[in-house]
Amino acid sequence: MFPGGGVDMQQLLQQAQKMQQDLAAAQQELAETPVEGSAGGGLVKATVTGSGELTALVIDPRAVDPDDTETLADLVIAAVRDANNAAQELAKTKLGPLAQGLGGGGGLPGLPF
């Protein structure tokens, strides 16, 4: 296309489209992957998808004290936070190489890294 062996725009466009498809597939896989977090030595367990959607919460009866609901609330928050941190790490692992290929270098808008 360009004299002297320049860039083949068609090939570049095909590569960009392939990378976009790969990224979409990885994002879909991430959205379907369950990730668990816990707090209080496993008394509270939260499950989120790799994209951070809370899908399950399990509370051991030993964590329930009617006179101290504040501690239970703190354990729930900590378990969800732990699960979300694990989901972010999973996203970095799965999407990081694709973001690098798109020139993101870890700062693509809309991605958690």
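Reader: Over which residues does pLDDT stay under 50, and how many contacts beyond four places in sequence does the model have for them?

Author: This is a predicted model. Its pLDDT stays under 50 over residues 104-108, and the model has nine contacts beyond four places in sequence for that stretch. Where pLDDT is low, the predicted coordinates should not be read in detail.

Reader: What is the confidence in the protein chain and its elements?

Author: The protein chain has an average pLDDT of 83, and 81% of the residues score at least 70. Among the helices and strands, confidence is highest in β3, at 96, and lowest in helix α1 (residues 9-32), at a mean of 86.

Reader: Why is T47 called buried?

Author: Buried means under 20% relative accessible area. T47 has a relative accessible area of 17%, so T47 counts as buried. This residue is found in strand β2. Apart from neighbours within four places in sequence, T47 is in contact with P34, V35, E36, E53, L54, T55 and A56.

Reader: What makes β1 and β3 edge strands?

Author: The open sheet has three strands in the order β1-β2-β3, with antiparallel pairing. β1 and β3 (54-59) each have a single partner strand, so one side of each is left without a neighbour in the sheet. On average, neighbouring strands of this sheet are turned by 15 degrees against each other, direction ignored.

Reader: Which residues have the most contacts inside the largest nonpolar core, and which elements supply at least two residues of this core?

Author: The largest nonpolar core has 14 residues, and V44 and A63 have the most contacts inside it. β1 (34-39), β2 (44-49) and α2 (69-101) each supply at least two residues of this core. With seven residues, α2 gives the most to the core.

Reader: What is A63 in contact with, leaving aside its neighbours within four places in sequence?

Author: A63 is in contact with L43, V44, L72 and L75.

Reader: Which residues does the second, separate core include?

Author: That second core has five residues, including L23, L30, A91 and L95. In soluble globular proteins, nonpolar side chains tend to be buried together.

Methods
Residues numbered from 1 in each chain as written. Predicted model: local features only at pLDDT ≥ 70, side-chain atom pairs only at ≥ 80, totals over all residues. Heavy atoms only, no water. Core = buried A, V, L, I, M, F, W, Y, C linked by side-chain atoms within 4.5 Å. Buried < 20%, exposed > 50% of the residue type's maximum accessible area, 1.4 Å probe, protein only. Helix = DSSP H or I, 4+ residues; strand = E, 2+ residues; numbered from the N terminus. Contact = heavy atoms within 4.5 Å. Pairing = 2+ DSSP bridges. Axes fitted to C-alpha atoms, helices over the stretch in contact; angles between N-to-C directions. pLDDT = per-residue confidence, 0-100.
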